[in-house]
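Here are a few notes to read with the model open beside you.

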Amino acid sequence: LSKLGTAYPELDQKTLGTMTNIIYKAADGTEVPGYLTVPTGAEKKNLPLVVMPHDGPVARDSWQFSFMRTFLANRGYAVLQMNYRGSSGFGINWRTSAHQDWGGLTYSDIQDATRWAVAEGIADPKRVCIMGWGFGGYSALLSAARNGDTYKCAVSINGITDLEMQINHGIVTGDKEIRRFQIGTDVAKLKRNSPLQLASDIKIPVLLVHGSKDWQNQPDHSKDLAGVLERSKKDVKLVIIKGGTHELERQSDRVTLRKEVEAFLTA
């Protein structure tokens with residue numbers, strides 16, 4: 001192999017953390033692959049941890065550069081990523097095993113990853129936060145409602161809060177079949193697995209960041225949840241990034257995001 005160049009030459013590679021692959025066992029004994037990143041030079045012991053499930057769910061984490069993962073490692077946090085069942089890249093059975101059950105198998109795999117990190121002594125159980133983008137944000141908020149005793153805070157970036165709302169938006173944008181195929185149409189299950197419907201169960205601090213031009217997951221998701229939590233006097237902050245898309249591609253958007261996340265985690 002011959003090195004052709006560096007994507008981010010201005011970044012000091014020694015400050016971006018050390019990433020390793022991991023395998024942990026889910027509750028049913030299935031081995032789930034993932035990645036653990038720790039601050040450069042840090043021992044894998046009793047670290048503040050950010051659990052970061054990926055977007056999708058039909059996507060996957062990899063060794064590819066992640067500005068958020070490396071930013072968190074640079075700030076002293078360990079970062080745990082997992083390719084839960086429902087992820088792509090591991091065969092059709094793995095990818096489809098969690099379809100129409102976002103609050104079931106996929107969710108369980110994420111919680112098992114967190115338990116693994118605590119049981120291994122990697123994470124300080126008193127300093128665990130869950131953060132995600134898109135579907136990952138949905139998972140973070142569902143975790144806040146269902147497993148708030150495990151996490152000290154939750155961060156959702158362009159996340160989904162209501163599954164029925166997401167289906168309705170899909171109908172408008174022409175994504176009707178994909179939404180229904182992935183999410184399902186069982187109304188009772190949609191409500192049972194929607195963070196917006198479970199807002200009264202959220203007891204931990206929540207940060208909601210959303211781009212105003214996110215057409216994939218409309219900003220109404222974050223706005224509606226923020227409204228419900230605010231009316232209930234819950235600890236929530238809503239940040240709407242004007243002109244921001246689902247990926248928040250602009251440098252200014254990502255600077256805003258990182259500043260908000262860093263301030264929230266250190267509060």
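Predicted model: local features only at pLDDT ≥ 70, side-chain atom pairs only at ≥ 80, totals over all residues.

1. The axes of H5 (residues 163-173) and H6 (residues 176-183) approach to within 7 Å, and they cross at roughly 155°. With that crossing angle, H5 runs roughly antiparallel to H6, given that anything over 145 degrees counts as such.

2. On handedness, H5 and H6 cross in a left-handed way. If you want to pick out the residues that touch, H5 brings Leu163, Gln166, Ile167, Gly170 and Ile171, while H6 brings Lys176, Arg179, Arg180 and Ile183. Sorted by type, the contact between H5 and H6 has 4 nonpolar, 2 polar and 3 charged residues.

3. Now the cysteines. How many disulfides does the structure hold? There is 1, and it links Cys129 with Cys153 at an S to S distance of 2.3 Å. The torsion about the S-S bond of Cys129 and Cys153 comes out at about -130°, so this disulfide is left-handed.

4. Where do the two cysteines sit? Cys129 is in strand S5 (residues 123-133) and Cys153 is in strand S6 (residues 153-157), so the bond ties together parts that lie 24 residues apart in sequence.

Key. Residues numbered from 1 in each chain as written. Heavy atoms only, no water. Axes fitted to C-alpha atoms, helices over the stretch in contact; angles between N-to-C directions. Helix = DSSP H or I, 4+ residues; strand = E, 2+ residues; numbered from the N terminus. Parallel < 35°, antiparallel > 145°, perpendicular 65-115°, else oblique. Left-handed = near helix turned anticlockwise from the far one by under 90°. Contact = heavy atoms within 4.5 Å. Nonpolar A, V, L, I, M, F, W, Y, C, P; charged D, E, K, R; others polar. Disulfide = S-S within 2.5 Å.
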